[in-house]
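Hi,

Here is the structure I promised to pass on.

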Amino acid sequence: MGWRIVSGLEVGHWAAKQMNGSFSGDTATAIGLERDGKLVAGIMYENWNGRSLTAHIAISGQINRAYIGAIFRYAYVTCGVEKAIVPVSSANTKSVRFVQKLGFTEEARITDAAPDGDIILYTLKKADCRYL
């Protein structure tokens, strides 16, 4: 079966469950990656305002470069934003390393806003995205 990029409510609900959150298809969009018919990653986009959007990503397996390209093309080309914002708990060191590896940089920190630490707001401008 291999890899397949998918979208839909089930992706949003899967990703939200991985993050102990919620997903509303009325106000958000989700793109996932399946491997051999099983979701291994999902990203939820919300708070689109024409200039920026907020994204939350969950990964439970290996992802590929095609998926990374697809999630950035959706944000910067389809939605036409100039900046993506990704909030990450400071205690989630795996996610911190992942978003930094993608090119996001810390722009702000909200102290004591997460159950286990701070919420770090990572951002990436379209002009700085190496996956387009």
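Let's start with a pairing: strand 3 and strand 4 (residues 52-59) run antiparallel to each other and share 6 bridges. Strands here are DSSP runs of E with at least two residues, helices are H or I runs of at least four, and both are numbered from the N terminus; two strands count as paired if DSSP finds at least two bridges between them. Before you read on: this is a predicted model, where local features need pLDDT of at least 70, side-chain atom pairs count only at pLDDT 80 or more, and totals for chains, interfaces and linings use all residues. Residues are numbered from 1 along each chain as its sequence is written, and side-chain values use heavy atoms, with hydrogens and water left out.

Back to strand 3. Its other pairing is with strand 2 (residues 29-35), also antiparallel, over 7 bridges.

Strands 2 and 3 have 2 residues between them, with aspartate 36 in the turn at a positive phi of about 55°. Strands 3 and 4 have 5 residues between them, and asparagine 47 in that turn has a positive phi of about 55°.

Cheers
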